[in-house]
Amino acid sequence: MTAPGSTLPGRLAPSILSADFSRLAEDVDRVAAAGADWIHVDVMDGHFVPNLTIGAPVVRSLRPRTDLPLDVHLMIAEPGRYLDDFIAAGADWVTFHIEAEPDPLPLLDRLHQAGRKGGVALRPGTPVESVLPFVKACDIVLVMTVKPGFGGQSFMAEPLGKIAAIRAAAERAGKTIEIEVDGGIDLNTLPVAAEAGANVFVAGSAVYGADDVTARVGAFRELLARVGEEAR
Ligand code: DX5
Ligand code: ZN
């Protein structure tokens, strides 16, 4: 698929937050073999969000185990303190929250100097205006469609209204950026987010909570192809 206003392909990024951490590499291999595009890694610090997950060592361990890009979503305070750890661990894409770092340009510079890609993320309640001045320096903007902190929450459609302004800001800067939606994405909500202009779809519980994970990734792939046909 191609998102409206975008020449970028639709991408499925399963979130390992809903995987079985006791067999993480196998769970990554399963979605990779079934056709996932990126692996989404949710990093939480128990401070910026009321939950704790994983850190750079897990990214470092996964890096040699998969060819897929590792898409690291930092839901942490002071992301600049840990950014170099995630770069060294092998993160390909890094997003960090605008609410945690109101001056994202130095961090984006560090990512680019290291040959990585990245951008800002915003909570559902954060106005889009807070990220627009920085879109020209971003490769990706992550629009949260649940409150960050936990998998398995219900999708919120309102934040999708931010996507058009983000794409317009990118176009004004002469850039095509990835727009990622995260939270409550399943086979029913993905088309709604695609219609709003997103092209990267994070799915945690809808992938790893399925009885047949391989079949579920296949169903997402078919849906991405169908949504793309309709967009053409
Ligand atoms: C939530 C995380 C999400 C989460 C999504 O704070 O950023 O990436 O894993 O999980 P689902 O797809 O279950 O909403
Ligand atoms: Zn996430």
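**Ligand 1 and its surroundings**

Reply: D42 has a polar side-chain atom 2.7 Å from an oxygen atom of ligand 1; a polar contact is a pair of N or O atoms within 3.5 Å. This is a predicted model, where local features need pLDDT of at least 70, side-chain atom pairs count only at pLDDT 80 or more, and totals for chains, interfaces and linings use all residues. Residues are numbered from 1 along each chain as written, chains are lettered from A and ligands numbered from 1 in the order written, and side-chain values use heavy atoms, without hydrogens and water.

Me: Which polar backbone atom is 2.8 Å from an oxygen atom of ligand 1?

Reply: One of G184 is. A polar backbone atom of G204 also lies 2.8 Å from a ligand 1 oxygen.

Me: How much of ligand 1 does the protein bury?

Reply: 100% of the 380 Å² that ligand 1 exposes when taken alone (Shrake-Rupley method, 1.4 Å probe).

Me: Which residues come nearest?

Reply: D42, G149, G152, D182 and S205, of the 20 around ligand 1 (a heavy atom within 4 Å).

Me: And which strand gives the largest share of that shell?

Reply: β2, with 3 residues. β2 (39-44), β3 (70-75) and β8 (200-203) each supply at least two; strands are DSSP runs (E, at least two residues), numbered from the N terminus.

Me: New topic. Where is H73?

Reply: In strand β3.

Me: Why does H73 count as buried?

Reply: Because its relative accessibility is 0%, and buried means under 20% (1.4 Å probe, protein chains only).

Me: How far is H73 from S154?

Reply: Their C-alpha atoms are separated by 19 Å, with the two residues 81 apart along the chain.

Conventions:
Polar contact = N/O pair within 3.5 Å; in protein donor to acceptor, adjacent residues only side chain to side chain. Helix = DSSP H or I, 4+ residues; strand = E, 2+ residues; numbered from the N terminus. Buried < 20%, exposed > 50% of the residue type's maximum accessible area, 1.4 Å probe, protein only.
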